[in-house]
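Morning, everyone. Please look at the structure on the screen, and I'll walk you through a few places in it.

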Amino acid sequence: MFKKNILCIGAGYVGGPTMAVIARHCPEYQVVVVDINHDRIMRWNSDNLPIFEPGLDEIVSAVRGRNLFFRTDVDEQIDGADIIFVSVNTPTKTFGLGAGKAADLQFWEITARQILKNSSKPKIVVEKSTLPVRTAAAIGRILDSNEKKIHFEIVSNPEFLAEGSAIRDLETPDRVLIGARETDSGQAALKEVVDIYKHWVPEEKILTSSVWSSELSKLVANAFLAQRVSSINSISALCEKTNADIEEVAKAVGMDSRIGPKFLKAGLGFGGSCFKKDILNLTYIAENYGLSEVARYWEQVLEINSYQQRRFVDIIIKQMFNTIVGKKIAIFGFAFKADTGDTRESPAINVCRGLLDEKAQLAIHDPKALDGAAKDLEEYAGQFILESDPYSAASKAHAIVIATDWSQFVSLDYARIFETMEKPAFIFDGRNLLDHRKLYQIGFSVHRIGRPPLSKL
Ligand SMILES: NC(=O)c1ccc[n+]([C@@H]2O[C@H](COP(=O)([O-])OP(=O)(O)OC[C@H]3O[C@@H](n4cnc5c(N)ncnc54)[C@H](O)[C@@H]3O)[C@@H](O)[C@H]2O)c1
């Protein structure tokens, strides 16, 4: 008999790892994770988990079957739960009002109605997904529209984990944010959710607030992180014109304790499923409240991100004598960052498309993301191959493009790679990852972001 029954609807990048960590630290609670995607649940119940995340396999194999369960019978699991976390996807709307900007809340609304239909007793519903500010009011209206007079308390508990470091972020979070209503029932629900995290998170890191502050803080945190990436990338373009070195500039700027060193690494820009959609959502909300200057301000963060990728493609074409038609180019990395297989909004997609539009032939290598690459570039089938071996990818290529900061790319034998490539052999390091001087000594023409090129040409 478990002390409390927790249900999580949505077994994705957030639901899976978050519930695994909760189950690990709260052995007296039963944690059930459900999803409508049968294939995903099947993989959560296998040795081949649906997502790659360092440290995740170990935790899942330790707690699965003990107090962590993955299931597909969403409706049947609802009424047994005291607390329901909802971590379904909230992508950008692609149709109708707000298309291209607003969050698509259809999955959330369907889930709320499912909860309502299958409940016979009061429940706490926790917003785990990233949602527009004031969503709890809308969800509340749906849940309250019941004749059964069941009380649902909505609590906001946005997730701040980053893919690639999800387990570390969940185990030792900077903070856990929980927002609830000021009412007695709101505060009682808040305490229930705080009690879960208190199992392993120090109390001073558990931050409580109103529901609205909590919902908005998540969007703002992502917007601020993305803004730093775009800020440093905008300066990388200026460095290339002035012979300043972006790594030196970032170091000098980041050592100012008011600014700090994180998220000041120039590169191809941010990717992933969250930053773009959350900023679009923020601009849409601002517009809806008549704050068009605020919306324009944040839009520019996205514009610089696309610009950085376009600019990189232009540099590649220009350096390779203004034509890449039929030339083999090896792409090292396709995931949006290291240590994940996720390719959603990966900068590599835009870079590859730019090169494929110029009729290059690509050989794409990534340790975890080749399936994603195949799907993301579907329309270019025949113009690219997927290579699990980086050496084969680079063989007979005119250039290597580093698109993801996987650490294993640093230790490859570039002298061996150089021998097998067409000459002149180029490296375009979109992540400023490799040892450029060494590559130059081997014979490569090295182009990087925001730093003078090392070129023999
Ligand atoms: N991925 C991240 O790094 C991250 C970090 C913090 C917050 N978030 C937010 O968390 C939310 C989830 O993100 P994700 O990356 O885990 O998404 P995801 O697409 O990986 O997972 C969502 C899952 O929900 C399932 N689902 C949808 N409707 C359902 C329903 N009615 N019943 C049962 N299952 C249903 C889908 O099948 C899918 O497996 C989003 O709002 C996102 O913005 C994501």
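Start with L412. It sits in the loop between β12 (399-402) and α16 (414-420). Helices (H or I, at least four residues) and strands (E, at least two) are DSSP runs, numbered from the N terminus.

A word on the source. This is a predicted model: local features need pLDDT of at least 70, side-chain atom pairs count only at pLDDT 80 or more, and totals for chains, interfaces and linings use all residues. Residues are numbered from 1 along each chain as its sequence is written.

Leaving out residues up to four places away in sequence, L412 touches P390 and I417. Contact means C-beta atoms, placed from the backbone, within 7 Å. Y391 is 21 residues from L412 in sequence, and 8.6 Å away in space, C-alpha to C-alpha.

Next, two helices. α12 (residues 292-319) and α13 (residues 347-357) pack at about 40°, axes 9 Å apart. Axes are lines fitted to C-alpha atoms, for helices over the stretch in contact, and angles run from 0 to 180 degrees between N-to-C directions. So α12 is oblique to α13. Under 35 degrees is roughly parallel, over 145 roughly antiparallel, 65 to 115 roughly perpendicular, and the rest oblique. On the α12 side, the contact includes F312 and V313; on the α13 side, it includes V351 and L355.

Conventions:
Contact = placed C-beta atoms within 7 Å.
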